[in-house]
Amino acid sequence: MAAKDILTGEHFIHGDAACAEGGLAAGCRFFAGYPITPATEIAERMARRLPEVGGVYIQMEDEIGSMAAILGASWGGVKSMTSTSGPGFSLMMENIGLGMMTETPCVVVDVQRAGPSTGLPTLVGQADMMQARWGSHGDYGCIALAPASPQECFDLTAHAFNLAEIYRQPVFVMTDEVVGHMTEKVVIPPKDKLKIVERPKPAVARANYLPFDSSGPLPAPMAVAGQGYHVHVTGLTHDERGYPVITDVVQERNIRHIVDKIRKNAEKIIQVEMIDLADAEVVVVAYGCTSRAARQAIENLRKRGLKAGLLRLVTVWPFPSDLIRRLAEQAHTFIVPEINYGQVVYEVDRSTKGKAKVVLMALMGGSMHTPTEIEAAVGRYL
Amino acid sequence: MEIILRDLQPFDKKAVDEAIERDHGLHPYDKYLKPGRIPHIWCPGCGLGVVLTCFIEGVMRKGYSVDECAVVSGIGCSGRVAGYLEMDTYHTTHGRAIAFATGLALAKPDLKVTVFSGDGDLFAIGGNHLIHAARRNVDLKVICVNNFNYGMTGGQVAPTTPLGAKTSTTPFGNAEPGFNLPHLAHASGAVYVARWTTYHPRQLVDSICRTFDKKGFTFVEAIAPCPIGYGRPNKLGSGLDEMRYYREMSEVRNGVDPKDADITLGGKIIVGAFVDTERPDFLENYCSKVVAKAQQKSGGRPKGRAA
């Protein structure tokens with residue numbers, strides 16, 4: 001039997017392996033990466049799996065090159081991805097900006113460890129969340145997904161490829177060391193049950209094709225190399241044709257387009273899971289591994305008859321500000337456990353507009369919150 | 001949050017079309033140039049136009065269609081080459097052209113991918129990508145325009161600036177020796193290495209054509225005048241004077257060991273086709289040593305692009 005690109009069935013694999021399989025299932029056929037704990041297992045799985053399914057794996061000289069290479073592969077017409085952790089994510093920021101400016105679909109998985117700098121290479125962190133949003137210079141829209149289980153590593157990595165194709169930009173899968181190294185059951189559905197967005201070719205002749213059209217809510221279809229469209233792709237400010245134009249007028253259109261395509265479609269992109277929120281007086285907002293502990297804490301609190309709920313962020317960017325604003329009409333306190341000294345909590349605080357108390361439950365990294373700790377923290381406000 | 005924005009001026013495709021089509025097609029090379037991109041941004045006396053012309057000549061001589069070729073550039077004066085060519089062209093980040101081109105070439109192996117960039121871009125900020133792409137023998141044709149300085153930013157010291165040469169950041173003369181680019185490319189594993197100056201357009205076209213025949217990583221250094229950034233502080237005169245210098249000081253030594261082709265301030269310039277060798281490129285090795293085994297192990301027939 002030929003090696004399958006989609007390993008339909010039940011598996012017992014870790015989150016990193018599931019990210020790789022999610023990418024392969026979505027049609028990823030090019031991976032460029034650089035070893036880094038705790039993301040190396042994604043690269044290792046890709047090195048084994050890609051040649052089986054007719055793809056190319058390459059270990060680049062650094063993460064700068066890895067990010068550049070996946071952009072190049074994407075313009076070569078192949079779905080591409082890379083994976084890394086904090087130090088590598090920092091190096092990728094330069095070409096993430098190029099990907100944003102040139103509207104290049106691809107997927108970057110960041111298996112977060114504790115930083116800054118080398119930090120705790122083998123231990124968990126969630127402190128790259130703001131870097132994902134703002135890490136490269138200049139303005140751009142951001143999509144970041146935060147899987148909380150190996151199953152979601154599969155599902156959301158595949159979904160990230162779809163979002164990358166629809167919105168034509170790099171999409172981040174912001175997982176963490178705990179989820180990446182956690183082994184659980186992962187169900188890979190049959191091919192016909194998977195929703196895969198294929199890259200459309202431009203429908204118009206070259207004379208009428210505008211590769212960077214900014215007039216609609218979504219980007220134009222992407223003409224890749226060899227299709228005869230002779231697109232000029234530049235990191236310089238460019239007009240709809242792709243020609244560099246160094247004026248404020250074109251900058252205005254260019255940047256508003258790459259920000260607005262996410263901002264104006266945010267409601268379509270945002271995914272959350274709402275647990276016991278209907279009558280919640282205290283809302284825990286969590287994502288990634290932290291949301292697993294929070295889920296247990298909420299279950300315990302409800303058993304005690306206490307009105308606590310969990311808002312689990314599946315997409316962290318764009319941020320569900322409107323939802324939190326509405327919840328702040330009902331809940332008097334929001335508690336945000338995260339493995340950093342305050343990142344996503346700022347968005348929660350901003351979104352409640354002063355109508356609720358916002359509490360950060362911070363850990364600097366290396367371990368995750370226990371359900372007991374979260375339960376006790378929530379209990380203090382109920 | 002409310003946002004106050006300036007009125008947007010929409011893209012006027014008709015007006016832009018008219019502007020860029022004006023006069024386009026009058027020159028025999030126009031079919032290789034993107035409509036409306038000329039005049040270029042380069043200074044009078046700059047050598048980049050010569051190297052660009054040589055590249056177009058090479059593509060013409062090989063009879064390639066513009067659909068089969070792609071050009072990737074980094075940042076700097078040489079980085080602007082991509083934007084003028086009527087091909088799929090990519091103007092990437094500073095130093096990363098080779099890494100980007102690696103992905104492009106591996107994703108689309110039937111494409112002829114040329115990397116066109118400058119000495120600072122390819123050998124300072126991008127040096128690591130260059131040596132590794134050469135080691136892997138990725139099928140890339142690198143043309144490095146060497147003007148011995150950072151021209152775009154106004155003439156600062158580069159990794160090619162000879163010892164003692166003046167630039168805006170070495171006002172008393174450069175304390176560092178420059179790289180010998182062919183030697184570095186050769187040592188890193190390039191299968192073809194040549195150096196010419198813009199005084200040698202025919203040889204340059206020959207070398208570019210030869211690189212198209214090669215499978216793997218090739219390197220052509222094109223030494224070019226930069227009368228504004230490098231010529232002025234070093235009192236080399238105009239662009240034409242620099243061309244005279246190339247005529248008088250160049251010594252053609254085909255096949256010479258690149259280690260003997262060092263460049264010094266005011267010294268001879270050894271030019272020629274130095275290295276022309278064969279070894280399997282990245283994809284050939286990947287297919288024969290990796291894909292074949294992986295697919296044999298999984299019991300399938302070879303498939304996909306890499307097959």
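Tutor: Happy to! B:Thr170 counts as buried, because 20 other C-beta atoms lie within 10 Å; the cut-off for buried is 20 or more such atoms within 10 Å of the residue's own, with exposed meaning 12 or fewer, partly exposed in between, and C-beta atoms placed from the backbone. Please keep in mind that this is a predicted model, where local features need pLDDT of at least 70 and side-chain atom pairs count only at pLDDT 80 or more, while totals for chains, interfaces and linings use all residues. Residues are numbered from 1 along each chain as its sequence is written, and chains are lettered from A and ligands numbered from 1 in the order in which they are written.

B:Thr170 sits in the loop between strand S6 (156-157) and helix H7 (181-188) of chain B; helices (H or I, at least four residues) and strands (E, at least two) are DSSP runs numbered from the N terminus. Setting aside neighbours within four places in sequence, B:Thr170 is in contact with B:Val157, B:Thr161 and B:Ala165, where contact means C-beta atoms, placed from the backbone, within 7 Å. In the other direction, B:Ser188 is 18 residues away along the chain, and 29 Å separate the two C-alpha atoms.

Now for the partner chain. On the side of chain B, 47 residues are in contact with 51 residues of chain A. H4(B) gives the most to chain B's side, with 8 residues. By class, that side holds 20 nonpolar, 16 polar and 11 charged residues; Ala, Val, Leu, Ile, Met, Phe, Trp, Tyr, Cys and Pro count as nonpolar, Asp, Glu, Lys and Arg as charged, and the others, Gly among them, as polar. The chains also share strand pairing: S10 (residues 232-234) of chain A runs parallel to S2(B), joined by 3 bridges, and pairing requires at least two bridges found by DSSP. Within this pair, A:His232 stands opposite B:Thr89.

Moving into chain A, there are 13 helices and 16 strands, and 59% of its 382 residues count as buried. Chain A is divided into domain 1 (9-193) and domain 2 (273-380), with bounds from an automatic or database domain assignment. Their centres, taken over C-alpha atoms, are 26 Å apart.

S11 (residues 272-275) of chain A is antiparallel to S13(A) through 4 bridges, placing A:Val272 opposite A:Leu313. S12 (residues 282-286) of chain A is parallel to S13(A) through 5 bridges, and A:Val285 faces A:Leu311 across that pair. From S12(A), the chain crosses through helix H10 (residues 289-303) of chain A to S13(A) in a right-handed β-α-β crossover; right-handed means that, with the strands pointing away from the viewer, the path from the first strand over the helix to the second runs clockwise.

Technical notes:
Two residues are in contact if their C-beta atoms, placed from the backbone, lie within 7 Å.
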